[in-house]
Amino acid sequence: ADTRAPSDSHTIPPLTRDDTRGTRVVVSGLPTDVKVEDFIRVFKSFGIVSWARLLSRPQGFHAKTAIISYEREHDAVTAVEQLPNFYISGQKIAVELFHETSERRAF
């Protein structure tokens with residue numbers, strides 16, 4: 001299983017055919033001190049995580065948003081359904097399926 005955790009870059013791999021089937025999840029409301037490993041631990045329980053990224057603003061500040069890519073649509077949908085009231089480090093997060101407009105809203 002590949003649970004790579006790339007750097008905190010705001011550069012997200014381009015959309016692929018898989019993304020049109022809903023394999024990416026947007027997580028917002030993350031604590032500012034969260035690390036990729038913190039939320040991968042939670043999200044990998046729903047399936048194989050292809051990659052995960054914390055989004056950052058151009059000045060390097062954490063945007064409190066992440067994008068997680070699963071290998072299968074079912075896993076992404078399950079994560080969204082199972083985490084409607086989930087907290088990380090005492091802060092409630094929001095989880096939704098990624099849409100092309102999701103990345104623009106994060107900034």
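## Helix H2

In this predicted model, the exposed residues His-74 and Glu-81 lie on the face of H2 that is turned away from its buried side. The buried residues of H2 are Asp-75, Ala-76, Thr-78 and Ala-79. Viewed down the axis of H2, these buried residues fall within an arc of 160°, so they line one face of the helix.

Ala-76 belongs to helix H2. Its relative accessibility is 0%, and Ala-76 therefore counts as buried, the limit being under 20%. Leaving aside neighbours within four places in sequence, Ala-76 is in contact with Gly-22, Thr-23, Val-25, Tyr-70 and Leu-97. Ala-76 and Phe-98 are 22 residues apart in sequence, and their C-alpha atoms are 9.4 Å apart in space.

## Helix H1

In H1, the buried residues are Val-36, Phe-39, Ile-40, Val-42 and Phe-43. These residues are on the same side of H1, because they cover an arc of only 160° around the axis.

Phe-43 has contacts with residues from several parts of the sequence. With neighbours within four places in sequence left aside, Phe-43 is in contact with Val-27, Val-49, Ile-68, Tyr-70, Ala-79, Leu-83, Ile-93 and Val-95.

## Nonpolar cores

The largest nonpolar core has 22 residues. Val-27, Leu-30, Phe-39, Phe-43, Ile-68 and Tyr-70 are the residues with the most contacts inside this core. Two or more residues each come from strand S1 (24–28), helix H1 (36–43), strand S2 (49–56), strand S3 (62–70) and helix H2 (73–82). H1 gives the largest share of this core, five residues.

Another core, of five residues, lies apart from the largest one. Its members include Trp-51, Leu-55, Ile-67 and Phe-98.

## Salt bridges

The structure holds two salt bridges. One of them joins the side chains of Asp-38 and Arg-41, with an N to O distance of 3.9 Å. Asp-38 and Arg-41 are about one helical turn apart, because they are separated by three residues in helix H1. An α-helix has 3.6 residues a turn, so residues three or four places apart point the same way. With a relative accessible area of 26%, Asp-38 is partly exposed. Arg-41 has 55% relative accessibility and counts as exposed, because the cut-off for that class is over 50%.

Arg-72 and Asp-75 also meet through their side chains in a salt bridge, at 2.8 Å from N to O. Arg-72 is partly exposed, with a relative accessible area of 48%. Asp-75, in contrast, is buried, with a relative accessible area of 3%. Asp-75 is also one of the buried residues of H2.

The structure holds zero aromatic pairs. Two aromatic residues of the five-residue core, Trp-51 and Phe-98, do have a charged group over their rings. The charged end of Arg-24 sits over the ring of Phe-98, at 5.6 Å from the ring centre. Over the ring of Trp-51 sits the charged end of Arg-53, 5.3 Å from the centre of that ring.

Note on methods. Residues numbered from 1 in each chain as written. Predicted model: local features only at pLDDT ≥ 70, side-chain atom pairs only at ≥ 80, totals over all residues. Heavy atoms only, no water. Core = buried A, V, L, I, M, F, W, Y, C linked by side-chain atoms within 4.5 Å. Buried < 20%, exposed > 50% of the residue type's maximum accessible area, 1.4 Å probe, protein only. Helix = DSSP H or I, 4+ residues; strand = E, 2+ residues; numbered from the N terminus. Contact = heavy atoms within 4.5 Å. Arc of directions from axis to C-beta. Salt bridge = Lys/Arg side-chain N within 4 Å of Asp/Glu carboxyl O. Phe/Tyr/Trp six-rings, centres within 6.5 Å; stacked < 30°, edge-to-face > 60°. Lys NZ or Arg CZ within 6 Å of the ring centre and 35° of its normal.
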